[in-house]
Amino acid sequence: MGKHKHLIIGCGSAALSALKQIRKVTSEDEIKLVTMEDYPPYSPMSLPYLISGRIKESDIQMIGDDYLDQMKATLIEGERVDSIDTQSKEVNYDNGESDIYDTLLIATGSEPVKPAIRGLDECGFLGFHTIEDCKKLLKELEGKTSVGVLGAGLVGMEVAIGLAERGYQVTIVEKEPRLLPLYFDEEAASLIRDIFLNQGVRIMTGKEVSEVNRKKGKVEISFSNGDPVNVDVLVTCVGVKPRTTFIKDAGIAVNNGILVDRRMMTNVKGIYAAGDVAEAPNFFTGSNGLNPILPSAVKQGKIAGSNMAGQEVEYEGWLPMNTFNFFGHLAISVGKFTPSRGDEVLFEKEPNKPHYKKLICRDDRLLGATFLDTDIDAGVFRYLIEKRVDVGSYKEILLNFPGETSLWLMLEAERKETISLEA
Amino acid sequence: MSTFYDTIKIEETSCPADCLICQEKCLDIKQDMPAECSGIKAIHLPEVNFHTAVTCNQCGEPACEEVCPTGAITKSSVDGIVRVNEAKCLGCGLCALACSYGGIHYAAGAKRVFKCDLCNGDPQCVGACPQGIISFIRSRPVLQYLHEDLFRMGTPLCLGCPAELALRFTMKVMGKDTFLFGAPGCVVLLICGMGTGTFYLGTCHMSNMTNLPSTAAGVKRYYRKMGKDIRCVCFAGDGCFVDVGFQPLSGAAERGENIICICYDNEGYMNTGIQRSGSTPYLGWTTTTPVGITQRGKQMPPKDVPLIMAAHQIPYVATATIGYPEDYAKKLTKAMAVKDGMSYIHLLSPCPTGWRSSTDSAIDICRAAVETNYFPLWEYERGEYRFTHIVDRPKPITEYVRFMGKFSHIDEDIKELQQLVNRRFAIIKSLTEIKEPAGN
């Protein structure tokens, strides 16, 4: 019998996290990663920072040159997976080659959604997800002054910041009534909006784009409601979707993403999925869903890696969370940001100041926390939610002194190990 | 592969309200660090009377490192410090979201993260703390003593027994070229097995309690005759070395046999049902020194066998515990260097089953034994006694007995136990003050 062979499709955060974990458990198994990219591994979330010029392209590499050697892994660059044969345990590439595997991890991440807007192709659709996209945008920007950003999700907002910092006139267009609808509540979003406006960023929310046209070297954005807007360059950041097209006939269950159980395994034994491509259980409800953020990718990759290497480790489920820094401000959201019926909401806001605190609790547990420009340790709040720490009698001081109280509760929980396991 | 590194330890005792000295010291040194991002933070929450300091744990598997999208955060394999490479840092703040312990801070103004870097190995907050609450625990140097593990995975001993850890550690220090001798007792299950198969991967022999050093000495002499210098080590409990096998131990010491005898002292015959031994402490409960109306545990003090062995004037005698592994490793190394006689190490080894202590407390007990002077760490080397670990402020004996049920009946008589501890400590102290006789 030969060595056990792990094949990982993708080379992003989930893939690298799985690689590290497999290697931690087993020193002998063979590990191979395949990526469609021609670049050394990077995270798409660093790309907006290339726009602002905060970081150089050479500095966004996630791993050192000798890392894969250390990990005794091989990386094949520039190969796309065409199909998977789960019977013969074989992966076929678009160049006609193929690979066999004993365990397979699909960590292909996501690709930008291309909205069905008339004229988008003619105006040169510009998504923002790969280093190639980023280079294309930087090239487009040469000699231009105004940029339209379609979509006010985290990517769109980060791109907008990068562009604004470089002196471009930026217009953000969002069809939802508020910014960052997937990460922040209305209050926080409106405070963030004010800060963006102060920085000279134009914001158009609740605007449905009906069509785009190229007119006299400019891109005209027309809306189903209101006057059109002209920009030099249009970049589309309306969200991402799992990159799953290649598995269509493989018999692997796919909803929006690849469905996985708590071990990150698909319905096919030996095949796992992690990261943006996977639809994993939600921390609160246990039902499957997408959560395309980096911390989830790392965690899921680690869980998948453990199980691939023969351990039995279960995922506690993903939690929505993010930290968003913009123009010297910091917004943090961990867990729930809109309450369900029966949830308790604690809230503090100072008028005319970008300062905001909100906690969502149910019974004695914290379910969500949102902060704007508050000196707290975000990870400690994540800990309190994930460990279901009893905050019962301390909700008020947790709101009033969030930094100190969260640390105290965390240290007490660590010390006493009074971590409740009930949901 | 697990590795040990240095770390800052912050005592659980409360800091004075409003004290900010550690934090100020940190900010004083790290000039570019914003106040809210201090490498060590003083935390004051008077509402619940909570006053402490928080800093980076320099985790073994840092969550901040795992989540960093550009690999800007790395844990050094040399000094174990988790550092941020500013050139690669996006300032995305995900690390602060990943860290559960408040060890890394995002500065919105500076758009980057800050964290403790242990001042590159000499953390200044430690000396600055007027309460002595912050200490710098250096664990790395112990590595230089350790070779490969000579035991299989797993243990047949009771849950939480440190004797397994101690023997595993001992053989990691001693290395392969060692002939290990055991006698009936708990750890013999590890050495030779009792229907369980052996856990030890090296050469070993199980002898009787009554002839352990004699057997080892015979094997040693045989090999010497064959022109080989083989290290012969006896590892047995207090039942053997303090009681049943004391005579052969004393005899081998007096004859100058070049063997190493290590007594793991769990203060009783734990293997056979928790009977008293010559090493059972004053007032200690065992099944043969019960607690009732006429008797409250053992009524007489234990033999001080390490002192008795030193009185044999063999080349090397020491006390040790696995709670101070580096101290123990140093002593093993000294014992191994002796070629002209016996070395004896007396190793305190708490017994969760027999001492009625919780299974996660053995190391705490080892440390408390030293910190209360119940079991001072000292060595006797060719005529000279010295302490190897000075306890500046010894804790009261209550800090030791509180860990275990075998002392749970103690009330007023705690004073007598304290006096006994003080007296024994004073004896060793006086021995360490003996100067070499003039003209020698």
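Me: What is the handedness of the crossing of α1(A) and α7(A)?
Reply: In this predicted model, the axes of α1(A), residues 13-25, and α7(A), residues 294-308, come within 7 Å and cross at roughly 35°. The crossing of these two helices is right-handed.

Me: How do the residues of the contact of α1(A) with α7(A) divide by class?
Reply: From α1(A), residues including S13(A), A14(A) and Q21(A) take part, and they meet a set in α7(A) that includes L294(A), G301(A) and K302(A). By class, the residues of this contact divide into seven nonpolar, six polar and one charged.

Me: Which helix gives the most to the lining of the largest cavity?
Reply: The count comes to five cavities of 30 Å³ or more, and about 350 Å³ of space lies in the largest cavity. Its lining has 24 residues, with P302(B), D304(B), Y374(B), F375(B) and R424(B) nearest the centre. In chain B, α10 (305-311), β14 (343-348) and α15 (414-432) each supply at least two residues of this lining, and the element that gives the most, with six residues, is α15(B).

Me: Which element supplies the largest share of the lining of the second largest cavity?
Reply: About 140 Å³ of space lies in the second largest cavity, and of the 14 residues that line this cavity, the closest to its centre are Y49(A), E158(A), I161(A), E165(A) and N325(A). In chain A, α2 (47-52), α5 (154-165) and β21 (321-326) each supply at least two residues of the lining. The largest share, four residues, comes from α5(A).

Methods
Residues are numbered from 1 along each chain as its sequence is written. Chains are lettered from A and ligands numbered from 1 in the order in which they are written. This is a predicted model: local features need pLDDT of at least 70, side-chain atom pairs count only at pLDDT 80 or more; totals for chains, interfaces and linings use all residues. Side-chain values use heavy atoms; hydrogens and water are left out. Axes are lines fitted to C-alpha atoms, for helices over the stretch in contact, and angles run from 0 to 180 degrees between N-to-C directions. A crossing is left-handed if the near helix is turned anticlockwise from the far one by less than a right angle, and right-handed if clockwise. Contact means heavy atoms within 4.5 Å. Ala, Val, Leu, Ile, Met, Phe, Trp, Tyr, Cys and Pro count as nonpolar, Asp, Glu, Lys and Arg as charged, and the others, Gly among them, as polar. On a 1 Å grid over the protein atoms alone, a cavity is a set of points where a 1.4 Å probe fits but cannot get out, and a pocket is an open set with protein on both sides within 12 Å along at least five of seven lines; lining residues have an atom within 4 Å of a point. Grid points are joined across faces, edges and corners, and a volume is the space filled by probe spheres set on the points.
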